[in-house]
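Morning, everyone. I have one structure to walk through today. Please look at the screen.

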Amino acid sequence: MRLGFVLLLLFPLLTRAAMTIDISGGEQSRIPVAISPFAGAGDAYRVITDVVGADLARTGELKLVDISDLQPPLTESIDPRFSVARQRGAEAVVLGKVSPLSNGQVEVGFRLMDAIKQTQLAGYSYTANAAQLRAVAHKIADVVYEKLTGTPGVFSSHIAYVIKRGKQYSLQVTDSDGQNVQTVLRSKEPIISPAWSPDGSKLAYVSFEKKKPVIYVQSLTTGQRRVLANFKGSNSAPSWSPDGSKLALVLTRDNSGSQIYEINADGSGLKRLTFGGGIDTEPDWSPSGQFLLFTSGRGGSPQIYMMPASGGTAKRMTFQGNYNVSPAWSPDGKSFAYVQRTNGRFRIAVMDIASGQTQVLTRGSFDESPSFASNGKMIVYAARQNGHGVLALVSSDGKTQVHLSDVAGDLEEPAWGK
Amino acid sequence: MKKAVLSLVVVGLLAGCSTAEKKPAPVVDSSQQDAAARAAAAKAAADKAAVEANALNQSQLSGQANGGSEAENLFQKSIYFQYNQYDVSDQYHSVLEADAAYLNAHPNVKVTLQGNTDDRGSAEYNLALGQRRADAVRKALNLLGVPEAQMEAVSFGKEKPRAEGDDESAWQQNRRTDIVPQSE
């Protein structure tokens, strides 16, 4: 089923790299919430309520109730017109106001109200300049989402990905809604496998700028970067340990195929973890720090295996089909997302580790590179749409699908960070 | 002759260099202004590097117009593989023998063996498959007497297709290992 409702997030100030968000599916009961236009907010501040609304709607768990026709807008918690929001089905109402400060900044205050009892569920205020309004909106959406669903929001988090335009490659970081794009690295050679440090301050990635795959670590706060691994042969597939002290990686330096190693984050202490002669790659460090999931060709076809993070006996996890790759742990460590190929189509699936039950979540033909949001609710992945590489989101129950599209290039290799 | 070729490769590597660019610090950060200044400086440096890279590209192109050398004729070769195959086909034996003879006669020359795959599936798994194709050529040359120290097997996986397209003829061209001289 396709509801086909499209939100066009095209703001005059943000025409560059604007993305469209396309929501389809999502059949579970949604919590109805109304967002009232904020008091004192002219058109310049409409972005706040627009972003809060788009964030909440994109989850598929909340439903927006329109009360924008109320004039003047609902802005006070004692307003008798709460009954209108109630009649339209709203169970919660977001109210707010924007107040200019003498230093040119603004104070943005909001209240989340229980529409039935007309009592306050949450209220915060933020001081921001004009460039920070979207970030404030994401914070408001985080509070509203957590209060109404009990799960922390991830609207203030960031997604890293690689965009290819012709022969130009860029590693970019975007807000969770595909807006506010920042370029981290530009290169004329490919970039793959971005991996967030657990604290969200650094990205490890593989760049081919030296005419071979080399792993770099780059700080997002200072922009400084250094080579983490440039051993003879190929260097790839970095994955941080949950405490950020080490990375698992894949090297070919020992002339025995692609093998998994660990290395300290400062580049010292290299230790080999797998000892086959074939292909072991795509290590992903478990949230507990105890295990690695990885892809191996040891059984004749690529399958996902699990082993202790210190190395040792590996257990095969996937058995259906002859192509299961790119494992990505869920944040609670109870399941993992991966790519499975069936009849030539690559799709995102999840496996519950305790039961071994699997569920295919997506319906594309080239769905790859799954990565969980830190609250475990959504997975970002790379898809193809109209012949272009796009970023897509799917809820971890498969019920909500979202496309974050950029028509100006091919987006690949997404990684969801803090 | 050999020297001229190698210096061209060095220029090519410089031209391929990337420029790191500063990502402004997250919002609600008191150092916003400092961050903006640093970002501007980083952008200026990046722009300058891009201009220099362009200039280097130009000189590389004019250098290449001078024609092939002995080493160029020997290397810049491609070994093609069948679908899901990672062994060097017998048809390449004479090609590899010639390369091995040259490398044995020129112990200072080093080669990179660049493995490639078609563009279906995981980037990292394809990187590992491309490595198998590079390693297959490395082992074949090693059996012909070329020391490991003269060779480096690396993979481009599916990242640098020679032929674009979603059909077998494109995929066939991309399943290969290129033998190219190294600059060190």
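Predicted model: local features only at pLDDT ≥ 70, side-chain atom pairs only at ≥ 80, totals over all residues.

Start with chain B. Six helices and five strands make up its list of elements. Follow the sequence and the order reads α-β-α-α-β-α-β-α-β-α-β. Chain B has 184 residues, and 33% of them count as buried. Now take its contacts with a separation of 6 or more. Residues 24 or more positions apart supply 77% of those.

Next, where chain B meets chain A. Here 32 residues of chain B contact 46 residues of chain A. Which elements of chain B give two or more residues to that side? They are β1 (19–20), α5 (123–143) and β4 (151–157). The largest share comes from α5(B), with eight residues. What about the classes on this side of chain B? We get 15 nonpolar, eight polar and nine charged residues.

Over to chain A, and its strands. Strand β3(A), residues 31–35, runs parallel to β5(A), residues 92–100, and three bridges join them. One pair to find on the screen: Ala34(A) has Val93(A) as its bridge partner in β5(A).

β5(A) also pairs with β6(A), residues 106–114. That pairing is antiparallel, over nine bridges. Look for Gly96(A), whose bridge partner in β6(A) is Phe110(A).

Definitions and conventions: Residues numbered from 1 in each chain as written. Chains lettered and ligands numbered in written order. Contact = placed C-beta atoms within 7 Å. Helix = DSSP H or I, 4+ residues; strand = E, 2+ residues; numbered from the N terminus. Nonpolar A, V, L, I, M, F, W, Y, C, P; charged D, E, K, R; others polar. Pairing = 2+ DSSP bridges. Buried ≥ 20, exposed ≤ 12 C-beta atoms within 10 Å, placed from the backbone.
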